[in-house]
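Let's take a walk through this structure together. Keep the sequence and the 3D view open beside you as you read.

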Amino acid sequence: MNPRELPTDRLSTTDARGHRIYLYPTDVRGHWKKLRTRLSIGLIAVFLFLPWARIGGHQAVLFDLPRRRFALFGLTFWAHDTPLLFFVLGGAAITIAFTTAIWGRVWCGWACPQTVFVEHVFRRIERWIEGDALARKKLDGQPLSFVKVFKKSLKWSAFTALSLIIGHSFLAYFVGVEDLRQMMTQPPLENLASFLVMAAVSLVVLFDFGWFREQFCTVVCPYGRFQSVLMDHQSAVIAYDAKRGEPRRGTAAPEGTQAGDCVDCHRCVLVCPTGIDIRRGVQLECIACTACVDACDDVMRRTKKPEGLIRYANQALSEGRTETWTPWYQRARAWVYLALLVTCGGGLYWATAHRSPIEITLIRGIEAPYQVTPSGIINHFKMDVRNQTFTDQSVSFSVSPELQQKGVKLIISHHKDTLKTGEPERADLFITYPKEILTFGKAVITIEVTAIASDPSPHLELHLNQEVHLVGPLQ
Ligand code: SF4
Ligand code: SF4
């Protein structure tokens, strides 16, 4: 076998005995690299600064597991809202299915935290400290020396610091930035659970982004295996134009045929972060990072050939057939995904639009449906009040002045003045009213609910209406 050829019977990152072959992908520049770098900067900025964003005085994105409350850009969810998560998670899964069906593994190559941090942060730092791919390989092969220990210590210190930043930022999504700030000034034992989560995330990040790298994509990540279900022959893949490239330089061209454009320089293999040769066709290990596209375009420019020997294409090209594209809007699969996505979005909108910040449930008392007393008729209800906002609320109940004039009164027992955020409250509600408001033994009145937030300042006031069905004697 040509020593530059990759094995066909195993992963190119393992040797014949199954031991890992550490990769040293060479650096690449080009159009796609530039675009990916810009996107990565944006994505990293979003990840680091999103916990600091606030809407209505509260953290915009917060998954507060201990208090079982979740904030998502102004929407507040509680543990009892789990059915709403069906729409959120369903929408996320369908978005991935939709983008994969059209643009292939665009998530892996462009937006996955693994690729973003490894390619644009960790490898960059490695390059600054240890040099280019050749220098890194040489350094790893050297015996221990002062320079090697210094460079390795510097690199792993930088990696550790970065991992801790990522671990703390991750934790901020779950405990909130205020609590995180406070925790950071306290001994770890005072917030042991949060400290352990942060430490575990930082360690996993350090291990994965610092050393494990492409092994995660090729061996661990389930999405790589799952993609074949989501992709079809029209999904975009990174493909080598075998019709144009073959016979590559160094192989005997059949009589009467011209040599292909591939000069067999192996640049596309050397830059590949998963160590594959894309000229063998679409492979599971390809994360569609476009590094080989930039590398080959550079070679094509130097050899004065048209760019695009390796390019975004569909599977037909990689199989040596003519590449014909069907626009996404002519593909039934895309419309099915879109319809499901609209259903999830519509369901979420409908469900959240019909949620009240102060949820009130009234259940008629189990005794007689009404009592007739000299001062009027009494209806008894068991009332559940739940404050679904992120602030404590001072909640009061009243009826309109017209109903008050008619003699309708509310008596509420066990009602606390301040309703804590997320906490349910149970109270007994007695409504007394004169017989005159009944029509055929029934009446519907509206209770006005006023909730005043105790924080932030200035106080926010909510006004809600709750319909109540009263019953009484027919005569
Ligand atoms: S970089 Fe292009 S020319 Fe070089 S081996 Fe790869 S496909 Fe062939
Ligand atoms: S084959 Fe190309 S696109 Fe696929 S992982 Fe390797 S360099 Fe990235």
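The paragraphs below go from the ligands to the core, then to a helix and the strands.

This is a predicted model, in which local features need pLDDT of at least 70 and side-chain atom pairs count only at pLDDT 80 or more, while totals for chains, interfaces and linings use all residues. Residues are numbered from 1 along each chain as its sequence is written, and chains are lettered from A and ligands numbered from 1 in the order in which they are written.

Let's begin with ligand 1. Its shell holds 15 residues, and the closest are Cys262, Cys265, Arg267, Cys268 and Cys296; a residue belongs to such a shell if its C-beta atom, placed from the backbone, lies within 6 Å of the molecule. By type, the shell around ligand 1 has ten nonpolar, two polar and three charged residues. Here Ala, Val, Leu, Ile, Met, Phe, Trp, Tyr, Cys and Pro count as nonpolar, Asp, Glu, Lys and Arg as charged, and the others, Gly among them, as polar. Helices α12 and α13 each supply at least two residues of the shell around ligand 1, and the largest share, three residues, comes from α13. The element names follow DSSP runs, with helices (H or I, at least four residues) and strands (E, at least two) numbered from the N terminus.

Around ligand 2 there are 14 residues, the closest being Cys272, Ile278, Cys286, Cys289 and Cys292. The shell of ligand 2 divides into twelve nonpolar, two polar and no charged residues.

The largest nonpolar core has 40 residues, and Ile238, Cys268, Ile278, Cys292 and Ile310 touch the most other members. A nonpolar core is a set of buried Ala, Val, Leu, Ile, Met, Phe, Trp, Tyr and Cys residues joined through C-beta atoms within 7 Å. A residue is buried if 20 or more other C-beta atoms lie within 10 Å of its own, exposed if 12 or fewer, and partly exposed in between, with C-beta atoms placed from the backbone. Two or more residues of this core come from each of α4 (113-130), α6 (146-175), α8 (192-212), β6 (237-240), α12 (267-270) and α13 (291-302). The largest share, five residues, is given by α13. What does Cys292 touch, leaving aside its neighbours within four places in sequence? Cys292 is in contact with Ile238, Cys268, Val271, Cys272, Ile278 and Ile310, where contact means C-beta atoms, placed from the backbone, within 7 Å. A second, separate core of 13 residues includes Tyr370, Leu419, Leu429 and Ile431.

Back in helix α12 sits Leu270. Leu270 counts as partly exposed because it has 19 C-beta neighbours inside 10 Å. Leaving aside its neighbours within four places in sequence, Leu270 is in contact with Pro25 and Thr26. Between Leu270 and Thr26 there are 244 residues in sequence, but 5.8 Å in space, C-alpha to C-alpha.

Helix α4 deserves a look of its own. Among its buried residues are Phe117, Val118 and Phe122, and the cover over the buried residues of α4 includes α1 (31-49), α3 (106-111), α5 (133-141), α6 and α8. The helix α4 bends by about 30 degrees at Arg123, the bend being the angle between axes fitted to the seven residues ending there and the seven starting there. Gly131 follows α4 and has a positive phi near 95 degrees.

Now for the strands, which count as paired if DSSP finds at least two bridges between them. Strands β3 (residues 61-64) and β4 (residues 69-72) pair in the antiparallel sense over four bridges, with Val61 partnered by Leu72. Their hairpin has four residues between the strands, and Arg68 takes a positive phi near 55 degrees there. Strand β4 also pairs with β5 (residues 75-78), antiparallel and over four bridges; in that hairpin, which has two residues between the strands, Phe73 takes a positive phi near 50 degrees.

Further along, β14 (residues 424-433) pairs with β10 (residues 376-387) in the antiparallel sense over ten bridges, and His380 has Phe430 as its bridge partner. Strand β14 also pairs with β12 (residues 409-413), antiparallel over five bridges; there Leu410 is partnered by Ile431. Finally, an open sheet of four strands runs in the order β13-β11-β15-β16 with antiparallel pairing, and its edge strands are β13 (418-419) and β16 (461-471), each pairing on one side only.

Definitions and conventions: Contact = placed C-beta atoms within 7 Å.
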